[in-house]
Amino acid sequence: MSETSLDDLKLSLRIDGTDDDDMLTRFIKTAENFIKNAINSTDDVSDFVALDKVKPLFETAVIALASGYYEYRSAVSPYSANAVNLSVNAIVGQLRGLYDTYSEGEVSHEES
């Protein structure tokens, strides 16, 4: 499955049942892909997000973004506006900086 577990997302959202599991799993995968592409859209960043130093940041951003997808899944209307998820933006910014350092060889798997 995904790097981020369905159970972690459900705990964050305080969901006990299984009715929305398929949708939540899609939201996790979508959030993971979005964040990986936001870190670097030209390289595969899978090894990078698996680093011990990076994994908690990545998983937190995925949970925050997937939670937003779940909470704001209603149809778009001319009268509603959803706030930008500042937590996700802040974490993605930090991940981009860490990835630049990682891609320059300054961070290795041993240092994580």
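## Helix H1 and its two sides

The face of helix H1 that is turned away from its buried side carries Asp7 and Leu11, both exposed (over 50% relative accessible area, with buried meaning under 20% and partly exposed lying in between, for a 1.4 Å probe and protein chains only). Helices here are DSSP runs of H or I with at least four residues, strands are runs of E with at least two, and both are numbered from the N terminus. This is a predicted model, in which local features need pLDDT of at least 70 and side-chain atom pairs count only at pLDDT 80 or more, while totals for chains, interfaces and linings use all residues. Residues are numbered from 1 along each chain as its sequence is written, and side-chain values use heavy atoms, with hydrogens and water left out.

The buried residues of H1 are Leu6, Leu9, Lys10 and Leu13. Because they cover an arc of only 100 degrees around the axis, they lie on the same side of H1, the arc being that of the directions from the helix axis to the C-beta atoms. An α-helix has 3.6 residues a turn, so residues three or four places apart point the same way. The buried residues of H1 pack against H2 and H4, where contact means heavy atoms within 4.5 Å. After H1 comes Arg14, with a positive phi near 60 degrees.

## Ser67 in helix H4

Ser67, which is placed in helix H4, counts as buried because its relative accessibility is 8%. When its neighbours within four places in sequence are left aside, Ser67 is in contact with Leu9, Ser12 and Leu13.

## The protein as a whole

The protein has five helices and zero strands, and 40% of its 112 residues count as buried. Among contacts between residues at least 6 apart in sequence, 72% join residues at least 24 apart.
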